[in-house]
Amino acid sequence: MSTSTTLEAPKSGTWDGGNEPLKASYGKLMMWFFLLSDAFTFGAFLIVYGLSRHKHMPYTGEAEAFTFSTEWWPIPEKVFNAFPGFHGVDLPLAFVALMTMILILSSVTMVLAVEAGHRMDKNDVQKWLLWTILFGGTFLGCQAWEWAHFITGTDEGMVLADGTRIFGANLTMNQYGPPLFADLFFFITGFHGTHVFSGVVLLIMIFINTVNGVYHKRGHYEMVEKVGLYWHFVDLVWVFVFTFFYLI
Amino acid sequence: MSTTDISISKDVHHAHEEHDHHHDQNFFEKYIFSQDHKVIAKQFLFAGIFWGFVGGFLSILFRLQLGWPEATFTFLEPILGKWVENGKLDPEFYLALVTMHGTIMVFFVLTAGLSGTFSNFLIPLQIGARDMASGFMNMLSFWIFFLSSIVMFASLFIETGPAGGGWTVYPPLSALPQAISGSGTGMTMWLISMALFIVSQLLGGVNYITTVINLRTKGMSMTKLPLTIWAFFLTAILGLLSFPVLFSAALLLIFDRSFGTSFYLSDIFIAGEALSNTGGSPILFQHLFWFLGHPEVYIVILPTFGIVSEVITTNSRKPIFGYRAMIGSMLGISLLSFVVWAHHMFVTGMNPFLGSVFMFLTLIIAVPSAVKVFNWIATLWRGNIRFTTSMMFAIAFVSLFISGGLTGIILGNSALDIQLHDTYFVIAHFHLVMGAAAFFGMFTGIYHWFPKMFGRMMDEKMGYVHFWLTFLSAYLVFMPMHYIGIAGFPRRYYSWTGFEAFNTFTDMNTFISLAAIMGFTAQFVFLFNFIYSIFKGRRATANPWHSNTLEWTTPVNPGHGNWPGEIPAVYRWPYDYSKPGAAEDYIPQTVPYSQTQSSNLPYEKDLE
C-alpha cells in the first residue's frame, strides 16, 4: 500500500487529476458557476414576464390612436418616450438607448482594464476601472431618472372608468396599462439595477486594491478578471431585459 | 467581500501544507468558525440530526391527531400551550405541523443535513485534496444555513404559528396574510429562511463543483472517481440550476405578500371583500416552484445513490456492477429531472397533450432508476456479504427505493394521477422513495464513515436494534397508506371522521400512528449510540472496512490538510475487490499496477 516507493507516474492527461482541466483557477470557475445559476434566476423572471404579457390583450388599433388603458398591454414606445430636459417632446426609446449605450461602453472599458491587468500595467488598470465605475454609476443615475419619470407619470395620466385621473405608476396602480406591467418593470429592472449596483461596489473595491498595489504584489490581476466576468454578465442580462421591456 | 476568500494559491494541492506545522488555532477557529471541511461536515451533521428530531417530533404530533381523532391530548398542553384547546389540537396548527414537517425534512435534513455532511466530508477526502476549493465560502455556507435554521426554528414559537400553507406554499393561500393564521408572520419568516437557505446552498454547491473539477489528485480521472463523488457532483449541479428558480419564485411571492404586487394574484374575494389584485396567475408559481421542486427530490436522493453504491460494493467484497452504467444513469436522471416538473401539476387544468408529454418524460426516469437497482442487486449477487449495520441500511435502501419507485410509475400516469392526486397514495409514494429511502441512505453513510469522522466505531448491536425497528416501522407506516390513498382519502386533512366512507380506516390509521411512534422512538437508540460512540466507542483502525477509497489512507484522525505528507496519487479505479490473484480481497486506489502483477488483467499489463 506504500505509495512513495513506486517509480511509475500516474496518468497525466487533461482530466487525470493533479491539474486544472478547464485551464481556469477555482476562483474563476466559481464565478462562472455563480453566473450560470444567476442566469437561471433572471431566466425565471423573464419567463414570468413573457407569461404575464401573454395573458394580457395586445393593443390592436392604429398606433396614432393609442391611449393608455388597463385593457391592453401598452406599446413600449408610447411609455418610454421622455428625455431629461425635453419635456413634452416625443422621443421614443431615445433615453433608454442612451442608457444601453453607456452600459455597453462600460463593458468595453472593463475589457481594457482586464487587458491592462494581463500586461501588469497598474496605471492602465486604474484608468479603465475608473471609467467603468463612471459609466456604471451613470447607468444607475439614468435608471433612477427613468424610474422617477415612470413613477411621476405623464401630464395627461389615465382616466379611470369612474372619471378619476391617475398619474404615474406604483406597485398597485399604473397609468400606462395593466398593474402587472408596472410590477414587472419595477421588479425586473430593479433586480437588474441591484446587480449593477453590486457590480459598482465590487469595482470600487478592486479599484482601491489596485491603487494600493495589492494585485501587483500578488503578481496577477485575476481579481479584476473575475469582477469583469460578473460585469459582462450583468450587461448581457440588460440586453435581454431591454429587448423584453422596450423592443417587443 | 474580503480578498482572502477568493485569492488564488498557485498550486492548490500544497496550499495548506504550512498548516501541518501547527500554528495554534483557538477554540473558535477550530470548532466554530472553522474552515476545515471535516469540521463543517460535522456541523452540518449535528444540525441535520437536530432538525431530524424536530421534524420527526412534529410528525408524531399530527399522527396522534390522525390516529386517535376522538381522543383528547391534555398531556400536550404543557408543551404546545394554546395550540391545544380543551385537549383538541388546533386545526390551523395541524396545517402548520404538516407544513413544517415537510419543509424541515426536505430542506433542512435531507438537503443540508445530507449533502452538507457527506459532500463536505467526502469530496476532499475521496478525491485527494487538502480541503475544499474555498474554505471560507464553505464556512459561510454553513453559517448562513445556521441563520436560516434560526429563523425557521423561531417561527415555530410565534403566536400566530409557523407557515401553514403546505411545504409547497402555493399562492393565493400563502400570499394573503388574512387567509389563515399560518399565512401571517410565520409565512414571512418561512420565506426569509428559505431565501437564506438558498444562498447557503449556492455557496456550498459552487464549492463542491469546483473542488471536484480542479482539486482531484494526480491520476484521479473522472472515471476513477468513487460513485459517491459523481453523485455529489451531480447533486451540486442540480442545486445550482434549480435553487435560483425557487429564489425567483420566493422573491415574487414576497413582493405579492408585502408590497401589493399581483404576480400570482387575480380576481380574489376574501371574507366577502374583493381584492384589487388583477392579472397574475397562481399556476405560474407552481411552475416556478416545481422547476426547483422536482430536481429537489433528486438532490435528496442522488447523494444516497452514491453512498449506497459505495457501501454495497465494499461490503459485498465485489466490484460495483456496471460502474459506467451507474454514472450514465445518474447523468440521465439529472438531465430528466429538469423536464418533468409539470407531473406535479396534472390537475391544474393543463392541456392534456402537454400532460402526456410530461407523463412520457416522467416514465422514462424509470429506466435509469431500474438500471441502478439492478446494478445494486447484481453487485450483491454471490458477493461475500458482510452484514455491517451500514450494509443493512444500504440493502434496505434498495428495498425501499423499489417499493416507492413502483408507485411512482403509477402516479406518473396523468390519467391515474387524477384519481390519486393529493391523496395518501402520494404521501406513501414519496415517503418511501425519497423520505425513508433517503434517511436510510443517510444512516448508511453515518454508520459507514463514523470511524473516519470520529476515530471510533459505532456499536453494532445497538445499530441492529436501530435498523430493524426503523426498517419495520418504515414499511408498517407507509404500506397501509397506499390503501387509504386508493380509497381517496386526501392529504393535509385535519380530521376524516366527518366522512362516512373513511370511518372504516380508523383502525388502520391508529395502526399507522403506532408504527410511526415506534419508528420515532427507535431513533433515540441511534442518538444514544451516536453520542456514546463519539466518546466511548471502540477505537477505529485506519481502514476498518478494508475499503479502497482514498479517505482510508489518511490517519485515523485526519488533521487539518488530511494527509500528513504528500497527497497520495491514484492508479486504479476504486472497486478492485476480490480480484483474482490478489493477495488480499481489496486493492486500494493508491497501489500501482506494478505492485500487483499477480492479479493484473491482460489489458492492465501495459499499465505496469
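**Exercise 1. Find what share of the chain B contacts between residues at least 6 apart in sequence join residues at least 24 apart.**
Start with the term: a contact means two C-beta atoms, placed from the backbone, within 7 Å. Take the chain B contacts between residues at least 6 apart in sequence; 79% of them join residues at least 24 apart.

The model is predicted: local features need pLDDT of at least 70, side-chain atom pairs count only at pLDDT 80 or more, and totals for chains, interfaces and linings use all residues. Residues are numbered from 1 along each chain as its sequence is written, with chains lettered from A and ligands numbered from 1 in the order in which they are written.

**Exercise 2. Compare the radius of gyration of chain B with that of a compact globule.**
The radius is taken over C-alpha atoms, and the globule rule is 2.2 Å times the number of residues to the power 0.38. For 608 residues, a compact globule would be near 25 Å. Chain B has 25 Å, which agrees. Its C-alpha trace spans about 80 × 55 × 55 Å along the principal axes.

**Exercise 3. Check the span of helix H16 of chain B.**
Helices are DSSP runs (H or I, at least four residues), numbered from the N terminus. The expected span is 1.5 Å times one less than the number of residues. Residues 506-536 give 31 residues and so 45 Å. The end C-alpha atoms are 45 Å apart, which agrees.

**Exercise 4. State which helices the buried residues of H16(B) pack against.**
Buried means 20 or more other C-beta atoms within 10 Å of the residue's own, C-beta atoms being placed from the backbone. Among the buried residues are B:Ile512, B:Phe526 and B:Phe530. The partners are H2 (37-67), H14 (424-454) and H15 (460-486) of chain B.

How values were computed. Helix = DSSP H or I, 4+ residues; strand = E, 2+ residues; numbered from the N terminus. Buried ≥ 20, exposed ≤ 12 C-beta atoms within 10 Å, placed from the backbone.
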